[in-house]
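My notes follow in the order I took them.

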Amino acid sequence: MIVITAPTGNIGRHLLSRLLESAPAASEELRVIVRDPARLPDAVRDRVEVVTGSHAEAGVLDRAFEGADAVFWLVPPDASLTPYYTYSGFTRPALKALAALSVGHVVGVSALGRGTPLADRAGLVTASLAMDDLIVGTGVAYRALACPSFFENLLEEADSIREKGVFTDSVDADRKAPMVAVADIAATAAGLLLNRSWTGTDSVPVLGPQDLSPNDLASIMTEQFGRPVRYERRPLDELAITLVGHGLNEAFVQGIVDMKRAKDEGLDTGVARTADTSSPTGFEQWCARTLKPAVLS
């Protein structure tokens, strides 16, 4: 039995699709935790066991983890809370359930940066790494998917790219760093959940196929869209003012600012790129398949 949290999110829906293809041949049953079962496609609801509720709630977790062999753990960031409560606070009920119900394996979505000089001052990343430590403390076999920024974050810039030919971030225009497609994260998670021969605890970097700078992204988008696209660097203090103005928790906003500052100082470049840490989907491929339709629609 594999339990999937956040099955309707960006990563979870890709993971669920992969597991629905592969789990029957591996004699695995699937169980999902979802607040609103109506968000699951009808064909999916007929093939999985559904536990309705939030995976921050002890009662929901007790039902979901009963008889489970493995869990996919993803915390949906809550911008109304502090970074600590977003990650560690949300996860604490799961710690008791994992131990009490003897779940053997957990695969969690986390971040790059562990072991670097920036790890303890990287805002949301620091909070995510602390969550990993709590899960490790339960004694389960744990794999933290150490992820860089997602290609999918650029979908938030689609209107600006369409209307102005501009996308923004707060890192240096020539700062190269890994980026990844969420489908590749899901593929890595699926492999670990289906083949549970691993033991102990470790991080599993998922780096995409190459490091890219904002200027690299702009060049690729320009070629893909057939129109000029450029990058504008946004000051962190301006970003903070905007986010607080939108009603986000001030401590959460500071967590975003600290994370982005750490990324600009090289947080995501502490892991060597190898065949094992690279993943297949390139930005050109993702851009043509996903971003281009969103921008040119």
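I started with Ile33 and found that its bridge partner in E3 is Val51. Strand E2 (residues 30-34) and E3 run parallel and are joined by four bridges. Strands here are DSSP runs of at least two residues and helices (H or I) of at least four, numbered from the N terminus; two strands pair if DSSP finds at least two bridges between them.

The model is predicted, so I note that local features need pLDDT of at least 70, side-chain atom pairs count only at pLDDT 80 or more, and totals for chains, interfaces and linings use all residues. Residues are numbered from 1 along each chain as its sequence is written, and side-chain values use heavy atoms, with hydrogens and water left out.

Next I traced the sheet. It is open, with seven strands in the order E3-E2-E1-E4-E5-E6-E10 and parallel pairing. Strand E3 (49-52) and strand E10 (201-205) are at the edges with a single partner strand each, so one side of each has no neighbour in the sheet.

I then searched the whole structure for disulfides (pairs of cysteine sulfur atoms within 2.5 Å) and got zero. Cys147 is buried at 3%, and Cys287 is buried at 0%.

Last, I looked up Leu81. Leu81 sits in the loop between strand E4 (70-73) and helix H4 (83-100), and is partly exposed, with a relative accessible area of 34%.

Key. Buried means under 20% relative accessible area, exposed over 50%, partly exposed in between (1.4 Å probe, protein chains only).
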